[in-house]
Amino acid sequence: MTTTQPRIQWLGRWGFVLAATGSAVGLGNIWKFPYMTGEYGGGAFVLVYLVCILALGVPVMMAEIALGRRGRGSPIDAVRRVAAESGRSAAWSLLGWMAMLCGFLILCFYVVVAGWSFSYLWKMLSGGLAGGSVDDMVAIFAANNASPLNLGLWSTLVTVVTMLIVGKGVQGGIEKSVGWMMPGMVVMLLVLILYGVFSGGFSDALRFLFVFDAGSLSSEGLLAALGHAFFTLSLASGAILTYGSYLPAGASIARTTLTVAVADTLVALMAGLAIFPAIFANGMDPGEGPGLIFMSLPLAFQAMPLGTLFGVLFFAMLSMAALTSSISMVEATVSWLCDRQGLSRRAAAWVAGGVLWVISTLAMLSFNVGADWTLAGRHLFDWLDYLTSRWMMPLGGLGTALLVGFVLGAAPMREELGLSSAWHALWLYMVRYVSPLGILVIFVDALGIVSVEFATHWPFLLGLLLAISLGGELASPRLRRTLSDSTPSREGVE
Ligand code: TRP
């Protein structure tokens, strides 16, 4: 029962870019990236991360957007249609199922974390963070988690707000809300950075983030950069593919992808410049980890002039970053419910929200009354994180790269991307060999099958890449055919 109406599209020129950047910019940028940078060697890590974004993230993101726009549907329908167009099996839609499920499952624990952010915004506003020491802050964080009613209320609030926005539709809900939340977020970040410039610790923060020290780079850091490049761009979870399905035909996929990747990276760096001055000005440890923004930062703000005001600004910014991500995580499911189950947008949002509420409430209980409910040593919260980030995202990314690289005919991607021959060949090489190998390396290492040591294994890895590229090219004449066919049907679009 597929609807035959033409698919709705973003209204404004910046609709897709703002929505996709909103999806990409989240807790991964504001909390995880600055902290990883500190742990894995500052500037050297930043450089490696940029390379990973370009080599792994950008090609796969382009593939996802192209699949979405070509298939004009939820991940399941889009992938099935695109596969059918090339005469491939409908079983490829399993890739779409996994992506949709992955986004939904991430959201089930993401709303809990977003709930922390909302509750801290409230605590900042109401003076609930009074305390003079790190121990006080640890106690406040623990107390916040200990009450299921309190924690559940905040995650429920995030769920309801997310569904209200998504229920209003692509243009009236998502596009409209990201249209003010993203600029608002950037303005708040800039104000926070400016505050850091004047309140001390800024030069330490700059040094911390940008001084290049190659010796400080470890294999662990490289792997973390690879994995994070994938996570931070919201890949393999249905979000970007579904947003791509609303992209107007004339927009350049390469250009929009680069814009989103650059914006995502800039926000991550800016977050570092907003957080670390306060940490350094108060002589705190930048490598604090999970506690950094919920424990050290509130304490640091309190010790500074007008700190409460800027603390409010920080958590408001974080809450918005989380919201623009959460709406994208559920969009694949909602679009599928509308297209395939014939529900209205609003009904689809409430059905998805109801299921989300039940699972996320159970996940939230992992922090209090359900502390003993574990399976194989993991709570539901940890299971959701583990399944999505360790299994579903790498497998989905691998599947996407292989699908567009080897399985589909050359023409559809050629048409969607509209690149010149040389750029298209580069993109094809990336999705065929570089991205899959990169993903495999993270996957194999994360599962503990082999421990990858870049310092000693790099000649082997490089040799492997060359060998499989050569083998792959010899075995498949398609690339050569693609190259000799130098008349892309949509050159110079935009
Ligand atoms: N990119 C988001 C962040 O940096 C996290 C994320 C991962 C995500 N997968 C997603 C967001 C899918 C939306 C949809 O925090």
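Trainee: What is the relative accessibility of Asn-282, and what does Asn-282 count as: buried, partly exposed or exposed?

Mentor: Bear in mind that this is a predicted model, where local features need pLDDT of at least 70 and side-chain atom pairs count only at pLDDT 80 or more, while totals for chains, interfaces and linings use all residues. Residues are numbered from 1 along each chain as its sequence is written, and side-chain values use heavy atoms, with hydrogens and water left out.

Asn-282 counts as partly exposed because its relative accessibility is 28%; under 20% would be buried and over 50% exposed (1.4 Å probe, protein chains only). You'll find Asn-282 in the loop between helix H12 (253-281) and helix H13 (291-302); helices here are DSSP runs (H or I, at least four residues) numbered from the N terminus. Follow the chain for 19 residues and you reach Phe-301, whose C-alpha atom is separated from that of Asn-282 by 9.0 Å.

Two other loop residues are worth a click. Ala-376 is in the loop between helix H15 (345-364) and helix H16 (380-407). Its phi is positive, near 50°, although Ala-376 is not a glycine. Ala-376 counts as exposed because its relative accessibility is 69%. Ser-234 is in the loop between H10 and helix H11 (239-244), and its phi is also a positive value in a residue other than glycine, near 60°. Ser-234, though, counts as buried, because its relative accessibility is 10%.

Ser-234 leads us to the cavities. Of the 17 residues that line the largest cavity, Ser-234 is one of the closest to its centre, along with Ser-23, Tyr-110, Phe-231 and Met-329. (On a 1 Å grid over the protein atoms alone, a 1.4 Å probe fits in a cavity but cannot get out; a pocket is open, with protein on both sides within 12 Å along at least five of seven lines; lining residues have an atom within 4 Å of a point.) Helix H1 (15-24), helix H2 (27-39), helix H5 (93-126), helix H10 (219-232) and helix H14 (307-341) each give at least two residues to the lining of this largest cavity. By class, that lining has eight nonpolar residues, nine polar ones and no charged ones; Asp, Glu, Lys and Arg count as charged, Ala, Val, Leu, Ile, Met, Phe, Trp, Tyr, Cys and Pro as nonpolar, and the others as polar.

Ser-23 has another link for you to display: its side chain and that of Ser-328 are joined by a polar contact of 2.8 Å, meaning a donor and acceptor pair of N or O atoms within 3.5 Å. Ser-328 lies in helix H14 and counts as buried because its relative accessibility is 1%. A second contact of this kind, at 3.1 Å, runs between the side chains of Thr-162 and Ser-326. Thr-162 is in helix H7 (residues 148-167) and is buried, with a relative accessible area of 0%.

The largest pocket has a volume of about 1300 Å³. It is lined by 40 residues, and those closest to its centre are Trp-31, Lys-32, Asp-385, Ser-389 and Arg-390. H2, H5, H10, H13, H16 and H18 each supply at least two lining residues, with the largest share, eight residues, coming from H10. The lining of the largest pocket splits into 27 nonpolar, six polar and seven charged residues.

The second largest pocket holds about 570 Å³ of space. Among its 20 lining residues, Leu-222, Leu-226, Gly-438, Phe-454 and Leu-461 are the closest to the centre. Helix H3 (43-71), H10, H18 and helix H19 (454-475) each supply at least two residues here, and H19 gives the largest share with six. This second lining has 17 nonpolar and three polar residues, with no charged ones.

Helix H18 (residues 421-446) has 26 residues, which at 1.5 Å a residue should span 38 Å; its end C-alpha atoms are 36 Å apart, so the two values agree. H18 also has a kink of about 40° centred on Met-430, taken as the angle between axes fitted to the seven residues ending there and the seven starting there. After H18 comes Gly-448, with a positive phi near 75°.

Methods: The expected span of a helix is 1.5 Å times one less than its number of residues. Grid points are joined across faces, edges and corners, and a volume is the space filled by probe spheres set on the points.
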